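I opened my notebook to walk through this structure one piece at a time. Come along and look with me.

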Amino acid sequence: MTDIIPLDRIGHGPPQGDPVPDSAPVIPLRNVVVFPGTITPLRFNRPELIKAIESAVQSHRHIVLVWQEDPELETVTPEALPQVGTLARLVRVGRDGDSLTIIVQAQERVRLNAFDETQPFLQADFKVMLNHLPKDDGAYWEAASRNLRESAFRLIELDTDIPDEAEQILKQIEDPVLLTDVLAANLKFEMAERQQLLEQPNVQRRFEVIQRFLSEQLQIAELQNKLRHDLHTELSETQKKAYLREQVRTIQKELGDDDGADEQVADLAQRIEAANLPKSAKAQADRELKRLGLIPPASPEHSVIVTYLETMAELPWNQLSEETIDLAEARAILERDHHGLDKVKKRILEYLAVRKLKPEGQGAILCLAGPPGVGKTSLGKSIAEAMGREFVRISVGGLKDESEIRGHRRTYIGSMPGRILQELRRAGTRNPVVLLDEIDKIGSDFRGDPASALLEVLDPNQNNAFVDRYLDVPFDLSQVVFIATANYLDPIPAPLLDRMEVTELPGYTESEKLHIGKRFLTAKQREAHGLKKSQIKWTDKALEHLIEHYTREAGVRNLEREIGAITRATAAAIVENKKKSAKITPAAIETTLGPKRFVRDAKVSRSEPGVVNGLAYTPVGGDVLHIEALAYPGQGRIKLTGQLGDVMRESVDAAHSLVRSRAAALGIKAKRFHSLDIHVHVPAGAIPKDGPSAGIAMFTALASLLSNRPVRHEIAMTGEVTLRGLVLPIGGLKEKAIAALRAGVKTILIPQGNSKDIPDLPEEVRTKLTIVPVKTVDEVLQHALENSGKDNG
């Protein structure tokens with residue numbers, strides 16, 4: 001309970017026997033200016049102020065109250081206080097725990113002369129300020145006081161916040177000095193204006209300032225009163241709610257519970273200004289800011305506009321990463337992160353060289369095409385690092401909604417910009433390297449065609465003014481370096497493919513995979529599993545065994561996964577104290593991973609009629625196809641098995657017609673075409689097969705079967721055949737050649753048109769394989785068929 005200590009002699013001015021001292025403790029007040037003639041309750045928590053009041057109680061019971069301009073200041077110095085304050089007499093003092101509550105009677109304006117003490121509290125000498133009244137016969141003061149009272153009475157009548165008792169108090173005040181001080185203490189002046197009135201010794205000037213303030217407040221109150229009257233009769237229910245919300249906001253602001261809507265608008269305006277938007281974007285943002293100020297925070301549209309303005313403020317309209325291209329460093333980065341891929345690295349270095357010579361130029365948009373796991377995405381990261389730019393990856397595989405590229409219109413809550421602008425916003429720069437991953441897997445449906453939307457994004461002549469539907473203003477994408485990746489080129493629409501320069505990344509040879517495994521993958525997995533270099537050691541035989549019998553891919557993704565499985569098992573064994581270190585051998589691999597999962601297709605083991613080594617390209621690299629043809633008595637029909645596609649079936653038909661047209665030259669009797677049925681089969685019947693490149697293999701199988709001449713088992717072949725006997729070029733030569741080398745083939749027959757691709761083959765393939773370009777099927781048979789054999793008639 002509060003302990004109240006009454007002090008004697010409460011009255012106006014210094015009581016008899018209680019003279020005004022020359023010096024008194026100085027009490028800084030936060031957010032309060034006390035005027036003479038008023039009685040004011042105050043509460044204090046600061047220890048130095050409590051000590052000052054206790055000192056005054058024990059002496060003359062007077063203190064000087066001074067407004068503290070900075071309310072956040074904890075330790076107040078004389079320099080932080082104004083020179084004019086109010087001398088007050090302590091009427092009551094009460095303690096409540098660590099706080100002190102007092103009631104003071106303010107008596108005189110005083111000017112501080114010098115501070116006697118600053119510790120443990122402030123104490124200063126002062127001089128009482130006299131009020132300057134102009135010499136007059138009293139008529140002026142009578143008129144001025146009456147005018148001031150009537151204005152105050154009118155304000156009390158209009159302003160419901162002022163209690164009615166205030167009118168009775170004002171009627172009892174005759175002294176003009178006291179009248180100005182009481183009004184100044186109770187009207188809603190700002191703190192700085194109150195302090196100016198306190199410091200003003202001229203009473204007439206105080207009258208003028210207070211009268212002017214009362215006139216302004218009367219105008220506002222009368223207008224509010226008129227608005228209330230009009231709104232009471234004219235406002236609809238919705239407008240009434242909006243008005244009430246505005247009133248609630250005002251009340252909350254006065255109580256310090258404001259929702260911050262005005263501050264939010266001001267903050268957004270400041271952020272928009274700092275973003276340095278282009279002219280068109282700035283005009284759009286300013287329009288939305290004006291709308292935001294008129295919409296209540298409870299409205300759903302309020303949050304939509306706030307989100308829009310935040311997006312506008314955070315987009316990197318003018319933020320650019322500093323580009324530093326050093327070709328030597330770029331070459332080192334590419335060699336550090338990728339093994340092989342010499343042709344691809346050369347093209348990337350050429351691209352960077354052009355960017356260095358002409359940074360503002362519109363360079364080519366690269367499309368890195370190749371099987372999974374060959375390093376397309378990591379190449380994009382290396383390019384970004386070499387250029388000193390931010391890297392952004394956008395997966396567009398499976399994208400079916402055009403709005404994911406162009407953005408969603410701001411017609412509903414939750415709309416947002418397209419993926420490209422979202423990623424630029426996260427990157428914080430307008431010139432990152434953007435990787436459009438899996439561009440060959442973009443879809444389309446009733447929501448639009450994202451591939452068509454990308455045409456504008458990837459066109460250097462259009463993307464400098466790309467309009468996202470969400471922003472609805474142009475955004476410059478011309479400084480973005482776009483790189484696309486794809487597994488296949490066929491699904492990419494022709495107009496989109498025309499925007500890009502395709503650089504193919506073929507699969508790795510087994511020797512390249514071995515090198516990648518030794519140099520990159522084993523070390524990466526060892527570090528990922530917390531092992532030291534001395535705790536696990538891989539032998540070359542183990543890696544070769546793992547590559548050959550546990551993976552079947554063009555890249556190294558599955559290889560890394562299997563290395564991780566073996567490393568994980570080794571880590572578990574070391575933790576369980578079963579071993580201190582491990583040497584990975586082929587036997588250890590089979591113990592951990594189980595029996596061999598793949599047995600590589602080998603070449604045909606012996607030469608015989610109707611059996612040919614064909615070469616095919618698959619999503620996981622090249623493969624050897626054993627094409628088998630068998631003849632038996634019948635009526636000249638052809639049977640095809642092995643889950644062959646339409647194109648491969650047509651190749652068999654074309655090869656059969658070509659063999660019949662050249663029967664005489666091949667030594668085949670015509671009657672055999674009518675007396676024999678032919679069955680063509682390609683093993684691994686569960687796997688679909690298609691494509692034209694098996695044409696010469698089909699022709700060779702039929703010609704060998706019907707002429708009874710064996711096909712050399714160490715030869716494999718690929719090429720499309722025409723009815724004129726020409727051999728046409730094919731694709732995937734590197735993968736097919738690697739598959740032939742892996743299967744033990746010594747010689748491969750390729751179309752003459754693919755001779756230009758031979759220099760791009762790995763050196764290991766060119767050294768160990770005999771590559772024979774052929775132009776016609778006659779040359780194919782000349783190399784493929786053995787001379788021995790007899791006609792069965």
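Which residue in β6 is the bridge partner of leucine 90? I looked it up, and the partner is valine 104.

Before going on, I noted that this is a predicted model, where local features need pLDDT of at least 70, side-chain atom pairs count only at pLDDT 80 or more, and totals for chains, interfaces and linings use all residues. Residues are numbered from 1 along each chain as its sequence is written, and side-chain values use heavy atoms, leaving out hydrogens and water.

**Entry 1: around β6**

I read helices (H or I, at least four residues) and strands (E, at least two) as DSSP runs, numbered from the N terminus. Two strands pair if DSSP finds at least two bridges between them. Strands of a sheet pair through backbone hydrogen bonds, either parallel or antiparallel.

I found strand β5 (residues 84-96) paired with β6 in the antiparallel sense over 12 bridges. The two form a hairpin with 2 residues between them, and glycine 97 in the turn has a positive phi of about 70°.

Next I followed β6 (residues 99-117) to strand β3 (residues 39-44): 6 bridges join them, and they run antiparallel. Here isoleucine 39 stands opposite glutamine 105 in β6.

Then I moved to strand β7 (residues 123-128), which pairs with β6 in the antiparallel sense over 6 bridges. A hairpin of 5 residues joins β6 to β7, and phenylalanine 115 stands opposite alanine 124 in β7.

**Entry 2: a parallel sheet**

I traced an open sheet of 5 strands in the order β9-β10-β13-β8-β14, with parallel pairing. Its edge strands are β9 (391-395) and β14 (501-504), each pairing on one side only. Neighbouring strands are turned by 25° against each other on average, direction ignored.

Arginine 393 has leucine 435 in β10 as its bridge partner. Helix α15 (residues 419-427) packs on the sheet and touches β9 and β10 (contact means heavy atoms within 4.5 Å), with its direction at about 150° to that of β9.

**Entry 3: two helices**

I checked how helix α12 (residues 342-357) meets helix α13 (residues 376-387): they pack at an angle of about 30°, with axes 12 Å apart. Axes are lines fitted to C-alpha atoms, for helices over the stretch in contact, and angles run from 0 to 180 degrees between N-to-C directions. The contact is made by Val344, Ile348, Leu352 and Arg355 of α12, and by Leu379, Ile383, Ala386 and Met387 of α13.

**Entry 4: aromatic pairs**

My search of the whole structure gave 3 aromatic pairs. Rings of Phe, Tyr and Trp (its six-membered ring) pair if their centres lie within 6.5 Å; planes under 30 degrees apart count as stacked, over 60 as edge-to-face and the rest as tilted.

Why is the pair of tyrosine 308 and tyrosine 470 tilted? Their planes are at 55°, with ring centres 5.6 Å apart, so the pair counts as tilted. Tyrosine 308 lies in helix α10 (residues 300-314) and tyrosine 470 in the loop between β11 (466-467) and β12 (474-475), so the pair ties together parts 162 residues apart in sequence.

I also asked about burial (buried is under 20% relative accessible area, exposed over 50%, partly exposed in between; 1.4 Å probe, protein chains only). Tyrosine 308 is buried at 0%, and tyrosine 470 is buried at 2%.
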